[in-house]
Amino acid sequence: MTPEAHAHLARRCKVMSRLIREHGPCGIVPEAKHSPFQSLVTAVAHQQLNGTAAETILRRFRALFPGKRFPSAARLASVSDEAMRACGFSWAKIASIRDIAAKTLDGTVPGSKAIAAMPDAEIIERLVQVRGVGRWTVEMLLIFKLGRPDVLPADDFGVRNGFRVAFNLPEMPKPKELLAFGERWRPHATTAAWYLWRAADNPKKQKAIKGINA
């Protein structure tokens, strides 16, 4: 994110300092051009799937709308549930995507300009009204579309596993434990989350650290 974030994390947490040295600058690049509709549909596609499988499904989905990089909420009505199912979406995800479109059209899901001016808590409160969209999904939007600097997705498996690996813990931390420890990372928790994802991706590179007295 920013040099200030790296400096803050390195100063407040020796484990983060090590991760920053090992992995270099935080690589999050917000997808600002994506609408909230596109970001939510993309996040739903990724739920409970690895990235490659989700991107394959999304590629097939986009192919249903020739000439468009991504369909609008209104244009979604032009394709059937069966066509979406053939892309690889489950019936539950199809119902969720339909509701994302409906709530985009009725204004529950704000447009790009409106959402940029809203605080994190309000965005979460609004978007969790959508079927199949929980706090984790909204947190991914906050991080990867809006580039919000202080999001710690404590329910995310990769973040929790990265914490376990980086701090050499015998078991996964509970979300409440992770949030409590993560208070020292604020207001740059998003950058800390990125380094925990890196730790989870590269467990063999992590040096053993006993306990979490960072």
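Select T137 in helix α9 (residues 135–144); helices here are DSSP runs of H or I with at least four residues, numbered from the N terminus. The model is predicted: local features need pLDDT of at least 70, side-chain atom pairs count only at pLDDT 80 or more, and totals for chains, interfaces and linings use all residues. Residues are numbered from 1 along each chain as its sequence is written, and side-chain values use heavy atoms, with hydrogens and water left out.

T137 has a relative accessible area of 2% and is therefore buried (buried is under 20%, exposed over 50%, partly exposed in between, with a 1.4 Å probe and protein chains only). Show its contacts, meaning heavy atoms within 4.5 Å. Residues up to four places away in sequence aside, T137 touches L40, A43, Q47 and G132.

Next, select T42, A43, H46, W136 and M140. Of the 26 residues lining the largest pocket, these are the closest to its centre. A pocket is an open set of points on a 1 Å grid over the protein atoms alone, where a 1.4 Å probe fits, with protein on both sides within 12 Å along at least five of seven lines; lining residues have an atom within 4 Å of a point. The space in this largest pocket is about 670 Å³, the volume being that filled by probe spheres set on the points. Helices α3 (36–46), α4 (51–63) and α9 each give two or more residues to the lining.

Move to helix α1 (residues 3–12). Which of its residues are buried? They include A5, H6, H8 and L9. These four lie on the same side of α1, because they cover an arc of only 165 degrees around the axis, taken from the directions from the helix axis to the C-beta atoms. On the face turned away from the buried side of α1 are the exposed residues P3, E4 and R11.

Now select M16, F61, F89, I123, F167 and W185, which touch the most other members of the 61-residue largest nonpolar core. Such a core is a set of buried Ala, Val, Leu, Ile, Met, Phe, Trp, Tyr and Cys residues joined through side-chain atoms within 4.5 Å. Helix α12 (residues 189–201) gives the most to this core, eight residues. Centre on W185: beyond four places in sequence, its contacts include H8, L9, M16, F167 and L196.

Finish at G107, in the loop between α6 (91–105) and α7 (112–116). G107 is partly exposed, with a relative accessible area of 36%.
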